[in-house]
Amino acid sequence: MQARAILASVLAVALLLSGCAQPHRTITPAAAPKPVESKPPTPTPHPSVTKPAKPPLRPLPAKLPSGLGRNTGVRPVALTFDDGPSPAWTPKVLDQLKAAKVTATFCVVGREAQRHPELIRRIVREGHQLCNHSWKHDLQLARRPLGEIRADLDRTNKAIQKAVPGAKVSFYRQPGGRWTAEVVGVAKDLGMRPLHWSVDPQDWDKPTAATIGKRIHAASRPGAIVLLHDGGGNRAATLAACPKVIADLKKRFGITRLR
């Protein structure tokens, strides 16, 4: 009996040491290591590109510069048509001039000449004169740097002469009549006379045909240069006014080519 008691005590001690006597004990597993977050590389900043500032536009003079053609120099008056050629209106204006047996000066926009070279050819073929009216009718052109002015006028002349090789472009007219001494100088350097006007019925503002006729009649004097438009918009009123205007000017003064 004593030996059995000793054996039981030894077993109890062994069980206690092995932990088997603690059935409710739980073993917490070791925490998994947190993943290391990888950050995207910081982009290297590119140096900013600064565009050079455009030179400021020069101011318009308080009065028109000298050297502008504003009179024919003789009693007969001259007709001028701006902003074409237009396929909608220029052929009709040409038809009227042909019927009246008079000629005019067409101040053409370069990009329109490029688009409609056949109209430039007809203008020349029917005995009319050509005038450079800038590439795209830039009202601020005369205020820009000299290099820009020269490039614009030269580009327009090339478009005209591509349509009619050897065509003479005798005149330059500044869009809006917004002249500066600089654009006058460039035009002369390129062999063109700066052409202004003395009668402006403002047909670009689309008054009625009767109003256009009355304005031209009232403002015309011997040697006048009359400004009209065959492009740049709807010119139905101008076209309607032309027959009476031409007849009136022929009777009172005569109509001539510019010299």
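What percentage of the 259 residues of the protein count as buried? In this predicted model, for which local features need pLDDT of at least 70, side-chain atom pairs count only at pLDDT 80 or more, and totals for chains, interfaces and linings use all residues, the buried share is 41%. Residues are numbered from 1 along each chain as its sequence is written, and side-chain values use heavy atoms, with hydrogens and water left out. Buried denotes a relative accessible area under 20%, exposed one over 50%, and partly exposed the range in between, with a 1.4 Å probe and protein chains only.

The secondary structure comprises eight helices and six strands; helices (H or I, at least four residues) and strands (E, at least two) are DSSP runs, numbered from the N terminus. Read from the N terminus, the order of elements is α-β-α-β-α-α-β-α-β-α-β-α-β-α. With contact taken as heavy atoms within 4.5 Å, 77% of the contacts between residues at least 6 apart in sequence join residues at least 24 apart. The protein exposes about 15,600 Å², of which carbon and sulfur atoms supply 58%; accessible areas come from the Shrake-Rupley method with a 1.4 Å probe, and for residues only the protein chains shown count as cover.

Strand 2 (residues 105-108) includes threonine 105. Threonine 105 counts as buried because its relative accessibility is 1%. Apart from neighbours within four places in sequence, threonine 105 is in contact with Leu79, Thr80, Phe81, Gln129, Cys131, Phe171, Leu195 and Leu258.

The cysteines were examined for disulfides, defined as pairs of cysteine sulfur atoms within 2.5 Å. By this rule the count is zero. Cysteine 107 is in no disulfide, the nearest cysteine sulfur being that of cysteine 131, 3.1 Å away. Cysteine 107 is buried, at 1% relative accessibility, and cysteine 242 is likewise classed as buried, at 3%.

Rolling a probe the size of a water molecule over the atoms shows where empty space is left. A cavity is a set of points where a 1.4 Å probe fits but cannot get out, whereas a pocket is an open set with protein on both sides within 12 Å along at least five of seven lines; lining residues have an atom within 4 Å of a point. Grid points are joined across faces, edges and corners, and a volume is the space filled by probe spheres set on the points. The largest pocket holds about 160 Å³ of space. Its lining consists of Asp82, Asp83, His133, His137, Leu139, Gly176, Trp197, Asp200, Trp204, Leu227 and His229. Strand 1 and strand 6 (225-229) are the elements that give two or more residues to this lining. By class, the lining residues of the largest pocket are four nonpolar, four polar and three charged, where Ala, Val, Leu, Ile, Met, Phe, Trp, Tyr, Cys and Pro count as nonpolar, Asp, Glu, Lys and Arg as charged, and the others, Gly among them, as polar.

Histidine 137, one of the residues lining the largest pocket, is found in the loop between strand 3 (129-132) and helix 5 (146-163). The phi of histidine 137 is near 60°, a positive value in a residue other than glycine. With a relative accessibility of 28%, histidine 137 counts as partly exposed. A positive phi, about 55°, is also found in glutamine 202, which is not a glycine. Glutamine 202 is placed in the loop between strand 5 (193-194) and helix 7 (209-219), and its relative accessible area of 35% makes it partly exposed.

A cis peptide bond, with omega near 0°, runs from glycine 84 to proline 85. Proline 85 belongs to the loop between strand 1 and helix 2 (90-100).

Two further loop residues were considered. Proline 59 lies between helix 1 (2-18) and strand 1 (78-84) and is exposed, with a relative accessible area of 64%. Beyond its neighbours within four places in sequence, proline 59 is in contact with Arg143 and Thr180. Proline 59 and arginine 143 are 84 residues apart in sequence, yet 6.6 Å apart in space, C-alpha to C-alpha. Alanine 167, in the loop between helix 5 and strand 4 (169-172), is buried, with a relative accessible area of 10%. The C-alpha atoms of alanine 167 and valine 124 are separated by 7.8 Å, with the two residues 43 apart along the chain. Leaving aside neighbours within four places in sequence, alanine 167 is in contact with Leu130 and Gln161.

Notes: 1 Å grid on protein atoms, 1.4 Å probe; cavity = no way out; pocket = protein on both sides within 12 Å on 5 of 7 lines; lining within 4 Å.
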